[in-house]
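Biologist: Please put the model on screen, and I will ask about its sheets, its pocket and its confidence.

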Amino acid sequence: MVRGGPRARLVIQRCADCKSLRHPPGPCCPQCGSFDWDTVEASGDGHVHSYVVNHHPRHPAFDYPLVVAVIELAEGTRLIANMTGVAPEDVEVGMPVVLDWIDPDPDLSLPAFRPAGPPHISKER
């Protein structure tokens with residue numbers, strides 16, 4: 001799943017024969033064995049399947065604490081991505097999320113997810 005082309009889009013590898021989606025991408029379909037594949041654009045909608053709060057090691061491109069989540073996309077595949085726009089204590093399993101992007105440097109864009117709907121504000125202020 002990558003940000004590709006002139007506009008941001010998240011794509012999922014799909015078997016060209018049986019139409020099964022797969023992530024991580026691979027050379028061969030685990031369902032039917034075909035080596036033919038294409039991609040489909042993901043909706044960018046999903047929910048938090050699981051998450052951890054990372055405190056260390058720190059990298060200057062990211063804000064800490066860093067919420068790293070397993071996101072289950074509406075299409076059924078899962079990927080690991082950072083969460084944005086939410087305090088760690090406000091993240092919940094099952095929370096609906098939408099696609100966002102992090103640009104840690106001019107040559108790199110990473111998919112991230114933020115809560116769907118209004119921004120979440122920490123309950124502990």
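Biologist: In what order do the strands of the closed barrel run?

Modeller: This is a predicted model, in which local features need pLDDT of at least 70, side-chain atom pairs count only at pLDDT 80 or more, and totals for chains, interfaces and linings use all residues. Residues are numbered from 1 along each chain as its sequence is written, and side-chain values use heavy atoms, with hydrogens and water left out. Strands are DSSP runs (E, at least two residues) numbered from the N terminus, and two of them pair if DSSP finds at least two bridges between them. The barrel has five strands with mixed pairing, in the order E4-E5-E6-E8-E7.

Biologist: Which residue in E7 is the bridge partner of His47?

Modeller: Strand E4 (residues 45-54) and strand E7 (residues 96-105) are antiparallel and share three bridges. For His47, the partner in E7 is Pro96.

Biologist: Which residue in the hairpin of E5 and E6 takes a positive phi?

Modeller: Four residues lie between the two strands of this hairpin. The positive phi, near 105 degrees, belongs to Gly76.

Biologist: Which strands stand at the edges of the open sheet?

Modeller: The open sheet has three antiparallel strands in the order E2-E1-E3. Each edge strand has a single partner strand, so one side of it is left without a neighbour in the sheet; the edge strands are E2 (21-22) and E3 (37-41).

Biologist: How much space lies in the largest pocket?

Modeller: On a 1 Å grid over the protein atoms alone, a pocket is an open set of points where a 1.4 Å probe fits, with protein on both sides within 12 Å along at least five of seven lines; lining residues have an atom within 4 Å of a point. Of the 14 lining residues, those closest to the centre are Asp63, Pro65, Leu66, Met83 and Thr84. The space in this pocket is about 240 Å³.

Biologist: What average pLDDT does the chain have?

Modeller: pLDDT is the predictor's confidence in each residue, from 0 to 100. It is below 50 over residues 1-5, while 88% of the residues score at least 70. The chain average is 88.

Conventions: Points joined across faces, edges and corners; volume = space filled by probe spheres on them. Contact = heavy atoms within 4.5 Å.
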